[in-house]
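Let's take a walk through this protein together.

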Amino acid sequence: MTISLILVISAQFLLGFGLITRLRTVSTGFSLLGLSMLTGLGLSTVIPIGIQLSHLPISPTPMFIGLGILAGSSLLLLRGQGNYLRLLFSWKRISFRLFELPFLAFWAYLLVISAWKCAWFPNLPFDTIVGPDLVATFAVREQTLVSSVFTEHLPTASVFSNQPFYAPFSTMQQVIYLLAADDSGPFPFGKVWLTVVVIAFGVFLYAELRERIHPLLAGLLVTILACSPELFAYTFLVQTDWANAAFFATGVILVQRYLASGQPITLVASALMLAFACWTRTETIFFVPIGSLLVWLHSPGIPKKSGFLRATAVSIACLVPVVFWNYGFLRGYIPLPPNASLGKVHGFTDSYVGQLASVYATMNEQVVFDEIYWGYAVPIFLVLTAINVFVFRDKRGLSILLWIAGIYIIFGLLIQHIDGANIPFTFRRGFFKLLFLMYYYLGITSLFRWLSDWLYRWEGKHPASNNLLKLRSDCAFVTI
């Protein structure tokens with residue numbers, strides 16, 4: 001890896017590390033590392049836009065200076081956080097056990113394949129070639145986001161898709177990493193950021209599951225996800241969907257933390273992740289009301305009026321990137337071609353209910369229950385969820401099931417009403433979000449808590465739930 005890429009990845013990590021450490025939203029060191037990297041990736045994408053609005057060239061020097069300034073500013077937030085960091089990174093809490101090593105080796109094997117394809121193969125998906133990669137390539141070549149793609153090509157061509165106008169996260173990451181590669185060396189395609197996203201989210205998800213249940217069970221859940229063919233394929237096919245699912249699932253996990261603890265600072269972090277998800281795919285804004293409703297109705301220890309204000313704040317935080325990109329920057333700054341069509345909304349028809357039912361039936365047939373895409377991930381989830389609900393009568397993860405059901409229903413409505421939204425592409429790749437939430441849900445169920453307790457007792461150790469309570473108690477008494 002080149003020095004410039006190392007500097008970029010390091011700066012992105014430090015950018016998120018200072019902020020997330022200050023927010024204290026997690027209670028394990030690995031969760032902090034993964035969440036810090038995701039946060040830094042999201043925040044760094046505002047730099048190219050800031051450079052453009054400052055009338056500076058999109059070139060390596062302004063980019064590295066911007067990253068350095070933001071990373072340095074974030075590190076100032078680490079002041080007074082030494083005790084908290086020492087607690088999170090104590091050997092007892094970050095050491096791996098022997099039976100975890102086979103899982104780590106298998107994931108590393110898959111990751112090497114993914115990273116190799118990501119670094120050495122050019123961008124292949126159609127949506128990327130005519131969308132984020134096209135815009136980023138010309139932005140770097142012409143040193144401006146308002147490139148000839150928008151000023152010359154699109155006004156004279158038939159704009160048959162909205163890919164050049166996608167929400168900007170993938171485009172801006174391509175800009176940053178193309179500048180770091182400097183059109184030479186072993187990473188000329190600017191795709192390394194996707195591998196960084198995969199590693200960061202994988203670390204965060206495994207750490208969150210490992211915190212709640214026995215590491216053996218956490219490893220099995222993550223392995224089932226890693227073996228889902230379609231999910232794995234998109235770890236090296238640059239699109240908006242894998243990163244969107246990672247940000248969204250992280251935001252939902254943090255909302256779940258907030259609903260359990262009631263700490264407002266955790267809600268701030270969850271709103272930030274959900275906002276990044278909207279910054280990655282615009283239609284994500286339609287899923288945010290599910291979380292806002294949960295925050296309003298189930299915020300612990302505060303009146304419903306205060307819960308409503310917090311829910312409104314989450315919605316506004318997620319709406320800001322959508323409005324800025326689609327109505328501020330895209331229509332107000334970039335000259336939007338008059339022949340561009342960013343999607344039309346369809347109204348109600350006489351056979352509306354029948355058409356909608358047909359949409360859901362096709363979603364199930366072509367995506368949800370297609371083992372070619374997901375392997376055994378969906379049947380395993382359904383069987384274990386049925387056992388948890390009907391045998392254990394568990395309400396512990398009900399809010400996650402509400403997320404899953406709500407997202408599924410909204411996807412059907414989007415396909416029914418929005419021109420361009422479809423089942424083979426929009427829902428299939430959007431299903432990543434559901435898949436991540438399905439397996440996080442399993443990790444917090446009474447079924448897996450019972451299995452964890454049984455494994456810990458078999459080992460002669462305390463149940464995982466007791467260790468988790470002690471960990472959170474220790475973190476709560478660290479002085480800010």
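Predicted model: local features only at pLDDT ≥ 70, side-chain atom pairs only at ≥ 80, totals over all residues.

How much of the chain reaches a pLDDT of 70 or more? That's 94% of the residues, and the mean over the protein chain is 91. The stretch to treat with care is residues 464-480, where pLDDT stays under 50. For that stretch, the model has 36 contacts beyond four places in sequence.

Now go to helix α10, which spans residues 148-156. Ser 148, Val 149, Phe 150 and Leu 154 are buried there. These four sit on the same side of α10, because they cover an arc of only 160 degrees around the axis. Part of what covers the buried residues is α9, residues 132-142.

Next, the surface. Which residues make the nonpolar patch of about 660 Å²? They are Val 383, Ile 387, Val 389, Phe 390, Val 391, Phe 392 and Trp 450. Helix α21, residues 377-390, gives the patch its largest share, with four residues. Trp 450 belongs to helix α24, which runs over residues 446-459. Is this tryptophan, Trp 450, buried or partly exposed? Its relative accessibility is 45%, so Trp 450 counts as partly exposed; the cut-offs here are under 20% for buried and over 50% for exposed.

Notes. Residues numbered from 1 in each chain as written. Heavy atoms only, no water. Buried < 20%, exposed > 50% of the residue type's maximum accessible area, 1.4 Å probe, protein only. Helix = DSSP H or I, 4+ residues; strand = E, 2+ residues; numbered from the N terminus. Arc of directions from axis to C-beta. Contact = heavy atoms within 4.5 Å. Patch = residues over 30% accessible without salt bridge, like charges linked within 9 Å, V, L, I, M, F, W, Y side chains within 5 Å. Areas by Shrake-Rupley, 256 points an atom, 1.4 Å probe, with all protein chains shown as cover. Salt bridge = Lys/Arg side-chain N within 4 Å of Asp/Glu carboxyl O. pLDDT = per-residue confidence, 0-100.
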